[in-house]
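Visitor: Hey, I'm new to this and would like a tour. Please put the structure up first.

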Amino acid sequence: MRIDILSVVPALLESVFDHSIIARARKKGLVEIYLHDLHDFGIGKYKQVDDYMYGGGAGMVLRPEPLHQWIEKLKNERHYDEIIFMTPDAEVLNQNTVNELSLKKNIIIIAGHYKGIDERIRQLHVTREISIGDYVLSGGELPAAVLTDAVVRLIPGVLNDETSALSDSFQNGLLSPPVYTRPAEFKGIKVPDILLSGNHAAIEKWREEQSIQRTKKIRPDLLKK
Ligand code: ADE
């Protein structure tokens, strides 16, 4: 899979993809991630990428030309399955969308900034718009990182234990059960006996019950779905 991210501050994302699971996936050649600076196609001597809003209003808007030129350049090199714009005024990301996107070959992610991007880029190029939640961040870089991380860890071979992605919260529509590691007792609190029993069928049953209980308590809306 190949992911190209367009941003006015790509430096914000550099270290995010250079550590841990994503870095290993890149090294293994399971995913290619490229960060592109919109200033490369900025306008004039100062490589301007934003401008005032037509009609007035506080905040700057990303001009269409730098985005258009980067997108055209990338599209001329290969086919893209999706061109995604990270924005709060969009469908909210969930595990179904992540699963679907993990099957794509090439995607572009646009991280907006300021008041957003010129609407014509949405009309001309964007195939999908995704929000990471009902709150506003100062830019689309962190949302682009969230989406990339969620997608990349599902690519086969990225996680060592192939089943661990399947047992994530949300993969079965439920929250995860509690997990414990050593020591068997900590600050007077014991690991539940069942987990030390070696009875795998009983442990599975306990985990499922715990998942359902937790979901009922914390996210009852998930059970209604
Ligand atoms: N840009 C700013 N806030 C955002 C959000 N909640 N989701 C996606 N992109 C954003």
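Guide: First, a word on names: helices (H or I, at least four residues) and strands (E, at least two) are DSSP runs, numbered from the N terminus. What you see is a predicted model, where local features need pLDDT of at least 70 and side-chain atom pairs count only at pLDDT 80 or more, while totals for chains, interfaces and linings use all residues. Residues are numbered from 1 along each chain as its sequence is written, and side-chain values use heavy atoms, with hydrogens and water left out.

Visitor: Got it. How many helices and strands does the protein have?

Guide: The protein has 9 helices and 9 strands. Its C-alpha trace spans about 70 × 40 × 35 Å along the principal axes.

Visitor: And what percentage of the residues is buried?

Guide: Of the 225 residues in the protein, 39% are buried. Buried means under 20% relative accessible area, exposed means over 50%, and partly exposed is in between (1.4 Å probe, protein chains only).

Visitor: OK, now the ligand. Which residues surround it?

Guide: The ones around the ligand are Met86, Thr87, Pro88, Ile130, Ser131, Ile132, Gly133, Tyr135, Val136, Leu137, Gly139 and Pro143. To count as near, a residue needs one of its heavy atoms within 4 Å of the molecule.

Visitor: Which polar backbone atoms does a nitrogen of the ligand come up against?

Guide: A ligand nitrogen is 2.8 Å from a polar backbone atom of Tyr135. For Ile132, a ligand nitrogen and a polar backbone atom are 3.0 Å apart, and a polar backbone atom of Leu137 is also 3.0 Å from a nitrogen of the ligand. A polar contact is a pair of N or O atoms within 3.5 Å; within protein, one must be able to donate a hydrogen and the other to accept it, and residues adjacent in sequence count only if both atoms are side-chain atoms.

Visitor: How much of the ligand's surface does the protein bury?

Guide: Taken alone, the ligand exposes 260 Å², and the protein buries 95% of that. Those areas come from the Shrake-Rupley method with a 1.4 Å probe; for residues, only the protein chains shown count as cover.

Visitor: Which elements give two or more residues to the shell?

Guide: Those are strand 5 (82-92) and strand 7 (128-131). Strand 5 has the largest share of the shell, with 3 residues.

Visitor: New topic. Where does Thr215 sit?

Guide: Thr215 is in helix 8 (residues 200-218). It counts as buried because its relative accessibility is 0%. The Thr215 side chain reaches the backbone oxygen of Ser211 at 2.6 Å.

Visitor: What about the bond from Arg182 to Pro183, cis or trans?

Guide: That peptide bond is cis, with omega near 5°. Pro183 sits in the loop between helix 7 (162-166) and strand 8 (185-186).

Visitor: Last one: is Gly112 buried or exposed?

Guide: Gly112 counts as buried, because its relative accessibility is 7%. You'll find Gly112 in the loop between strand 6 (106-111) and helix 5 (119-124).
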